[in-house]
Amino acid sequence: MWDELLPVSLISEIIFCPRNFYYRACEGAEEINRFVLDGSLQDEKRNERERVRTQEKTQIREISLSSEKLGTIGVLDAVEEGEGIYPIEYKRGELKESFHDDVQVCLEALLLEECTGKRIPFGYIYYSASKTRRRVEFSDELRRTSVETIQKVREILYRGEIPEPVADERCPGCAPYFLYAFRLRLIL
């Protein structure tokens with residue numbers, strides 16, 4: 001069952017919260033809230049134009065790639081060709097440092113590298129609320145961590161054990177968090 005290709009977006013989720021990852025991957029919990037809906041609407045609006053060209057660059061949107069070698073699959077929000085070729089991951093919030101977003105765009109770059117045969121040294125994360133891009137350099141360390149994360153995902157999937165909650169500011173507002181709190185009330 002877990003020998004199938006893993007979605008890149010799901011892999012990066014384990015870095016943000018292993019428990020949320022577990023509920024989404026193993027129990028099919030879908031977190032539908034205003035943030036998810038807003039992101040979906042932004043995706044639809046952005047993807048109305050499949051290809052965007054300027055004098056400096058060309059951007060192609062929604063490219064599906066997979067890798068048997070990595071065991072992953074992903075839909076890249078955009079691939080841009082200008083100062084080289086690189087992935088762009090779109091996020092709905094304000095500009096911020098986010099390691100799990102960095103891993104996601106790095107995994108997308110690894111898919112793109114396998115497809116093109118070219119080394120991709122960087123990518124971007126575009127934050128729609130601040131209308132700002134953040135450049136992410138694909139260091140050897142980030143590449144290694146990204147690939148190791150795929151293995152961590154498979155370990156959790158094979159074990160089937162629910163990871164402990166992170167129990168910090170990320171928890172409130174999370175659908176799996178409320179599911180956990182509800183189950184805990186039933187037990188107590």
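Author: Start with burial: a residue is buried under 20% relative accessible area, exposed over 50% and partly exposed in between, with a 1.4 Å probe and protein chains only. This is a predicted model, where local features need pLDDT of at least 70, side-chain atom pairs count only at pLDDT 80 or more, and totals for chains, interfaces and linings use all residues. Residues are numbered from 1 along each chain as its sequence is written, and side-chain values use heavy atoms, with hydrogens and water left out.

Reader: Which class does R135 fall in?

Author: R135 is partly exposed, at 39%. A salt bridge puts a side-chain nitrogen of Lys or Arg within 4 Å of a carboxyl oxygen of Asp or Glu. R135 forms one with E137, at 2.6 Å between the closest N and O atoms, and E137 is partly exposed too, at 44%. E83 joins R135 and E137 in a salt-bridge network.

Reader: Which residue forms a salt bridge with K91 at 3.7 Å?

Author: That residue is D101, which is buried at 3%. K91 also meets E89 at 3.5 Å, N to O, and E89 is buried at 5%.

Reader: How many residues are in the largest nonpolar core?

Author: In soluble globular proteins, nonpolar side chains tend to be buried together. A nonpolar core is a set of buried Ala, Val, Leu, Ile, Met, Phe, Trp, Tyr and Cys residues joined through side-chain atoms within 4.5 Å. Here the largest has 38 residues, and F21, L107, L112, I120, F138 and V153 touch the most other members.
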